[in-house]
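This briefing covers aromatic pairs, nonpolar cores, strands and salt bridges. Please keep the sequence and the 3D view open while reading.

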Amino acid sequence: MGKIIAEKAVTAWLRRHRARQQRTASLAELAAAELAGPVQRDKLNRLLGNVGGQVAERLELVLATRFTSLPGNVGGQVAERLELVLATRFTSLPGNEIAAALAGAGDALAEVELTDDLLFAVDADGDKLAAHVRSVCPPPRGLAEPAAQLYDIALDQSCRYLAQVIQHLPALPPRALAETLSRLTAQTAQLDELLARVPRSTLHAPRGTGHDAEFTAAYLRHIDSTLDSVLLLGLATHEQPKLALSMAYLSLSVSSTLDRRSRSTRRRPDRHWFAETGEETTSTGRVEAAIGAADRSFVRGEAGSGKTTLLHWLAVTAARAAFTEQLADWNSCVPFVIRLRAHATGELPRPEQFLQDAWPSRAAEMPELWVHRRLDEGSALLLVDGVDEVPSARRPQVHAWLAELAREFPQARIVVTARPAAAEAKWLAAEGFAAVTLEPMNREDLDQFVARWHEAAHRAHSLPCDPAELPAAQRRLRNQFASRPHLRTLAANPLLAAMLCALNLDQVTELPRNRMELYRRALEMLLETRDVKRGIAGMLDVAQKRVLLRDLAWRLTEANRIELARSRAEEHVARKLPAMPNVTESADHILDHLLERSGVLREPVPGTVDFVHRTFQEYLAASEATEQGRIEKLVSQAHLDVWWETIVMACGHAKRTQADLLLTEILDRAAAEPRRARHLRLLAAACLETVDELDPAVRARVDALIEQHLVPPRSVREAGSLAAIGHRVLRYFPSTLDDLSEAAAAATVRAAAFTENQEALGLLRGYAADPRDRVQDELARAWRYFEPQRYAEEVLAEAPLRDGIIRVRDEHLLPFVDRLTRLRGLAVNLESGRRLVPLEIIAGLPNLVVVSLDLPHETIDLAPLAEHPTLHTVELFAAANYRRREVLTQLPALANLALFQLEPMDDIQFVRTLPDLQTLSLDQLYRIEDYSPLDDLASVWRLNLWSTPTLLSSSGRCWPSVRKLLLGVAGPEVLDRLPGLFPNLETLTVDRYTARTLAPVERLSLRKLEIRRSDHNLGRP
């Protein structure tokens, strides 16, 4: 590209435009005519080389920034600039696509004749010149979408550089040419400086600055180096191993309600493409798959469920462009982590202030409007952590701030986290956010978590045991989980699971039976046991540490904060010291000691202090409240969700009289404040989890309110609220669902399942005979929370299931489906985000009707499908390609087919043999030039054609059966063909719309048009 630009510029300079033969002469011919001898012509060649090299150098930087996953064979210089990205093992743009895109841009530029008239017509403006090139030289056909973007960027940047070069070259007569060339060194140095000032922008940032690329690369390196670490909870600060988050990250499950009408579920809908548009369903899957299906996600999870870890993993993976599967489209994203805890007061950050959180030391160096350009072009990934960590009175401001960001920057991807008590699932629904809830770890999750924790512990600086004992400790813990169900329930939360791992490593004695005991033992281990075992003399004894930590925790909680400036922390310590006569050290030394040795307090960034997890702050603040008799303060704050855990744990710390007073006054508030009554009643009921002793009259009053107001739950949402009470709520559940509505019955099943308790297993066994669809769906969904064989044999064995079909999303459940005696159909939808599975996994499964799998990235033989003639839906993803597609003809019931692969399809002739298909979804269609095989699909009513379909057909026939059509990329040529090809089309969805106006679709008689992304501002239809 650099050579082409240099040659075109100097050719335009040399031409005199007198005669036809001169206007069409080559550069070599013109040079020979103007230069006297070979020495001068050699200087010209050197000038061309220098100019070409300068331009190429800058184009390399653009490509290295915009296409962060180029293969290593592009060249040594590019590879050096891409060191961070090429270190990952994922690439998205093959070398042949790169070559094709650059060759196409070069050919287009070479075809254009740069006359004086043309240069005047475009005002020597690079962007206008690029538009002219496009008007006379259409882009090459058949480029994949990323390669087409590369073509556009290369052509735009080349035209900008070319315009600058032409303007910079002096307008001298031919007789002065030899003298000009003698000044070659100074000329090229000036040109280098000039080209450095040319804006390096992307398609979506036409006024980008020249430093965007360098700053983006440096920022991504910073994110990768600072966030790719994870705290191994349960080990003190000085024992922490250097553990990469990218290695330790564990994918967790989420539940969500999918509304097909929502903008938030617009990305890659093929996971649910057989569902009707507008249908609302409850779905369970891996969190990566859930957020990958949306541009905006609202992730809700209880304390310690992994919300912050998820956001950090998203940031690191985006920085490395290492996303795969459902998140592969996010590889061009620039992440911005915004911790709302840092904005509990004052103004919420504007885009130009985003880096104050992520990279404060370099924020001042950010190119002007750099963040805005990322937001406008859709490459920004906003990761907003902790709605629950700002006071409730401030949350409307947070909501308005998020709504404004979503409205002003509709292409930006946004993920927001909160505890469920802080915001309901629909809190951001109007802004297009898909709400998902992090679920408790199931058995498979817990096994992986325990394995990874112990693997990471091998790297710890010191351990309470010999490293050789770690395998035995891991086996001992797993045995305890298997034999003691209450421990298994306790460990369903990643935070508590980590504490149990640490306690098991530290002590061989019996593990805690409840949360309060677990927190107490964990603090005891961190504050005292470790140093005592090592013979390390401490500045403070454990009681003194507790006093100071309790005081800091209370001050933070009372201020509705979870972090404070180090100087303020020192002031609080200094204020407490006069009440501690046996402590003689200064406040700053004591704070240093607590930060270094406690394992509970930390300094996440210089000058800021917080607790390693909010749960420790809440536990210690609750202890301080009961020690200092602050019951009235707890009651006054009981309606605020940020105080929920503190109040629940205060009941566990409280003496009987304190607990009686606290619960009585909370119940009195519930009776007097109808708007807050449900929250207050749930809180009072949740306190039964931790309280040791109550006045019988107070206990009876709590029992009565649970039976009268809380049980049975009326909806799935209320089931989630009841989960906060714990397994004790089961005693209030009915033994049969006969007297409940279907919604209440389904919610009751879910609430019971959430407890993962043996008592729940008995209740669910009794509920299994209820034939209602939603009840059966919830019973099937609950399978993952219990020991799979026992649940299959005791609960599902005689269950009627929904239409006799069960949908399995966890691989470890598959060996037990044969225990279901009334099974008529099996749907296997294994969750992605964990690992890829071979197609052979379906061998031997009975009555298989649906299969949906993420397959290994290799050629997949479809032969295993032949064993299942009852299949009516086949969804296969992620294979490189497929062999023996003729096997599909052996599936007489096949109605729904989705084949997604990584390599371009060579043809679609195989669909001719599947005339009974009703829905068809294909991708990688870049090479397909003939769509006439669709002529034989007379029953297809829904057609999803991803990538860039041409819709050319050698037969010229139309496809009247298609009522719903999805196109991956659609420009005016394809859109102009739609009226003739789809006469009965009702719904058109375009993932990327490249036409400049809506005119191409105005001729369609549509009931619904959805344009997900547009290359141009279309206005409102």
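The structure holds 16 aromatic pairs; rings of Phe, Tyr and Trp (its six-membered ring) pair if their centres lie within 6.5 Å, and planes under 30 degrees apart count as stacked, over 60 as edge-to-face and the rest as tilted. This is a predicted model, in which local features need pLDDT of at least 70 and side-chain atom pairs count only at pLDDT 80 or more, while totals for chains, interfaces and linings use all residues. Residues are numbered from 1 along each chain as its sequence is written, and side-chain values use heavy atoms, with hydrogens and water left out.

**Aromatic rings**

- Phe-323 and Trp-330 form an edge-to-face pair, because their ring centres are 6.1 Å apart and their planes stand at 75°.
- Both Phe-323 and Trp-330 are buried (buried means under 20% relative accessible area, exposed over 50%, partly exposed in between, with a 1.4 Å probe and protein chains only).
- Trp-554 and Trp-643 have ring centres 5.7 Å apart and planes at 80°, so this pair is edge-to-face.
- That pair links distant parts of the chain, 89 residues apart: Trp-554 is in helix H25 (residues 542-558), and Trp-643 is in the loop between helix H29 (631-636) and helix H30 (644-653).
- Helices (H or I, at least four residues) and strands (E, at least two) are DSSP runs, numbered from the N terminus.
- Trp-554 and Trp-643 are both buried.
- A cluster linked by ring pairs contains Phe-215, Tyr-219, Phe-336, Phe-354, Trp-359 and Trp-370.

**Nonpolar cores**

- The largest nonpolar core has 269 residues (a core is a set of buried Ala, Val, Leu, Ile, Met, Phe, Trp, Tyr and Cys residues joined through side-chain atoms within 4.5 Å).
- Helix H23 (residues 494-506) gives the most to this core, with ten residues.
- Tyr-219, Leu-314, Trp-783, Leu-853 and Leu-865 have the most contacts inside the largest core.
- Leaving aside neighbours within four places in sequence, Leu-314 is in contact (heavy atoms within 4.5 Å) with residues including Phe-323 and Trp-330.
- A second, separate core of 20 residues includes Ala-108, Val-133, Tyr-151 and Ala-154.

**Strand S15**

- Strand S15 (residues 873-879) is largely enclosed by the rest of the structure, because seven of its seven residues are buried.
- S15 pairs in the parallel sense with strand S13 (residues 848-854) over five bridges (two strands pair if DSSP finds at least two bridges between them).
- Leu-853 stands opposite Leu-876 in S15.
- Strand S17 (residues 896-901) runs parallel to S15 and is joined to it by five bridges.
- Ala-898 in S17 is the bridge partner of Glu-875.

**Charged residues**

- The structure holds 56 salt bridges (a side-chain nitrogen of Lys or Arg within 4 Å of a carboxyl oxygen of Asp or Glu).
- Arg-555 forms one of them with Asp-551, and the closest N and O atoms are 3.0 Å apart.
- Arg-555 and Asp-551 are separated by about one helical turn, because they are four residues apart in helix H25.
- Arg-555 is partly exposed at 29% relative accessibility, whereas Asp-551 is buried at 6%.
- Salt bridges also link Asp-212, Arg-373, Arg-374 and Glu-377 in a network.
- Glu-431 is buried yet has no salt bridge, and the nearest side chain of opposite charge, Arg-407, is 6.9 Å away (Lys and Arg count as positive and Asp and Glu as negative; His and the chain ends are not counted).
- Glu-431 is found in the loop between strand S6 (413-418) and strand S7 (434-438).
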